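This text walks through a two-chain model, taking each chain in turn and then the parts that join them. Keep the structure in view while reading.

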Amino acid sequence: MNGYNHKKILIDGLWTNNPIFCQVLGICSTLAVTNLVLNTLVMCAALIFTVSLSAFSVAALRHFTPKNIRMMVETLIIALYVIIIDILLKAYWPEMSQNLGPYVGLVITNCIVMGRCEACAISNSPKIALLDGFYNALGYTFILFLISSIREILGMGTFAGIPMPFFSTPYWDKWIIMVMPPGAFFVLAMIVWLMRSIQLKKIK
Amino acid sequence: MDIQNQFWQALIVCISAIFTQNMVLSYFLGLCPFLGVSREVKSSFGLGIAVIFVMTFTVAINWLVYHKILIPLGLHFFRFIIFIIVIAAFVQIIEMLIERFSPTLYQILGVFLPLITVNCAILGACLFMVIRDYSFIVSVAYGFGSGLGWFIAIMAMAGIRQRLDAKKIPQGLQGPGISLIIAGIMALAFVGFTGVL
């Protein structure tokens, strides 16, 4: 990336190189919290914060980091931001911290964070790295938001805790499977399928 | 709690970690290598064994570090960094030891050991062990059980995917798509174990 092109970074992060359906990275820790929309949003906010800021820091420090220990340095930078989030959540929103359990800490090993640091931040200026991290995390959030909406509406009849007009009435048989683990796999698979087919069609 | 009780609890925790609370299929941890490496049975086997091994030992070491060092010093909020460092250091040492003493084992595990440092299942097991307040024996059993559960899941996945190679799959569904659907079906099967325990 020589010149810096805001629009290209945006489209890359959100669509052409979307972390979920193109790179299939980082689905580990965040898929687990997609059973409720609210949990997902908090988790994704944490992820946006971590990815953009750690990409920014890695890029800012890139000239001072020795090549052979850069992974360790990256991990420590990421861990620093995750600890900040963990402490903030524990202090101001203990119930949410309880709900998310170990998954906040697991953002450290989320491949997308490390992936962006390695792929972009290590060889670009802080400004580009920040944008790249931010848009990638946004692309990630958009897919997870989709998944969690589908799962919560079909499985519980609510959206972010608010009962939905049709789905919370007795006419709708709740799909319990949707809030259980298998539901997450199926919904994600369907979304990957759909998005990839659209992309393939465009290429043709 | 007396020792005998702890052993019973350890046994139950171990079995439930393998089946009902499987790392991949019910907690979604370690999904990236689960989808990425499961193309061949042979490499899945190597990675699976490495995960069992590393998970059992790092959970044990991290239990000691957390309860004997971090808690007395009041540094428990530091656990994310410490756990990661312990895991990375342990993997590095093991890699060197294996390379030195057992070349055959190194051939099976070698490539996969560095990968494991960033496997979220390992850190996940350590964090679960802290959150659920397991005692030492139970933690070790939990680490072993989780590793074994991961191993079983990836082996099953690799076996199914090898069969799938010869089948016709819609283009958009190839690769990760179909693997996720298989994982979903496997998760369904593992949910069935819930009644057992």
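Helices here are DSSP runs of H or I with at least four residues, strands are runs of E with at least two, and both are numbered from the N terminus. The model is predicted. Counted in this way, chain A has nine helices and two strands. Read from the N terminus, the order of its elements is α-α-α-α-α-α-α-β-β-α-α. Chain A has a radius of gyration of 18 Å, close to the 17 Å given by the globule rule for 204 residues, so chain A is as compact as a globular protein of that length. Along the principal axes, the C-alpha atoms of chain A occupy a box of roughly 60 × 50 × 25 Å.

Of its 204 residues, 49% count as buried. Among the contacts in chain A with a separation of 6 or more, 75% are between residues 24 or more positions apart.

Chain B comes next. It contains 10 helices and zero strands, and from the N terminus its elements run α-α-α-α-α-α-α-α-α-α. The radius of gyration of chain B is 18 Å, close to the 16 Å that the globule rule gives for 197 residues, so chain B is as compact as a globular protein of that length. The box filled by the C-alpha atoms of chain B, taken along the principal axes, is roughly 60 × 45 × 30 Å. In chain B, 44% of the 197 residues count as buried. Of the contacts in chain B between residues at least 6 apart in sequence, 81% join residues at least 24 apart.

Chain B is also divided into domain 1 (37-164) and domain 2 (167-197). The centres of domain 1 of chain B and domain 2 of chain B, taken over C-alpha atoms, are separated by 24 Å. Six residues from domain 1 of chain B and six residues from domain 2 of chain B take part in the contact between them. On the side of domain 1 of chain B that touches domain 2 of chain B, five residues are nonpolar, none is polar and one is charged.

One residue of chain B can be followed in more detail. B:Arg79 lies in helix H5 (residues 79-101) of chain B. Is B:Arg79 buried or exposed? B:Arg79 has 22 other C-beta atoms within 10 Å, and a residue counts as buried if that number is 20 or more, so B:Arg79 is buried. Leaving aside neighbours within four places in sequence, B:Arg79 is in contact with B:Tyr66, B:Leu70 and B:Val130. B:Leu127 is 48 residues from B:Arg79 along the chain, and the C-alpha atoms of the two are separated by 8.7 Å.

The two chains also meet each other. Their contact takes 33 residues from chain B and 35 residues from chain A. On the side of chain B that touches chain A, at least two residues each come from helix H2 (23-27), helix H3 (31-36), H5, helix H8 (120-131) and helix H10 (176-191) of chain B. H10(B) gives the most to this side, with nine residues. By class, the side of chain B that touches chain A has 25 nonpolar, eight polar and no charged residues.

The next feature is the largest nonpolar core. Of its 122 residues, A:Ala55, A:Leu188 and B:Leu123 touch the most other members. Helix H7 (residues 126-156) of chain A gives the most to this core, with 14 residues. Domain 1 (37-164) and domain 2 (167-197) of chain B both give residues to this core, so the core lies between them. Residues up to four places away in sequence aside, A:Ala55 touches several residues, among them A:Arg116, A:Cys117, A:Asp132 and A:Gly133.

Confidence remains to be described. The predictor gives the complex an ipTM of 0.83 and a pTM of 0.85. Chain A has a mean pLDDT of 82, with 96% of its residues at 70 or more. Within chain A, confidence is lowest in helix H2 (residues 27-31), at a mean of 70, and highest in helix H3 (residues 37-60), at 90. Chain B has a mean pLDDT of 85, with 98% of its residues at 70 or more. Within chain B, helix H7 (residues 112-116) has the lowest confidence, at a mean of 74, and helix H9 (residues 136-164) the highest, at 91. Where pLDDT is low, the predicted coordinates should not be read in detail.

Definitions and conventions
Residues are numbered from 1 along each chain as its sequence is written. Chains are lettered from A and ligands numbered from 1 in the order in which they are written. This is a predicted model: local features need pLDDT of at least 70, side-chain atom pairs count only at pLDDT 80 or more; totals for chains, interfaces and linings use all residues. The radius of gyration is taken over C-alpha atoms; the globule rule is 2.2 Å times the number of residues to the power 0.38. A residue is buried if 20 or more other C-beta atoms lie within 10 Å of its own, exposed if 12 or fewer, and partly exposed in between; C-beta atoms are placed from the backbone. Two residues are in contact if their C-beta atoms, placed from the backbone, lie within 7 Å. Ala, Val, Leu, Ile, Met, Phe, Trp, Tyr, Cys and Pro count as nonpolar, Asp, Glu, Lys and Arg as charged, and the others, Gly among them, as polar. Domain bounds come from an automatic or database domain assignment. A nonpolar core is a set of buried Ala, Val, Leu, Ile, Met, Phe, Trp, Tyr and Cys residues joined through C-beta atoms within 7 Å. pLDDT is the predictor's confidence in each residue, from 0 to 100.
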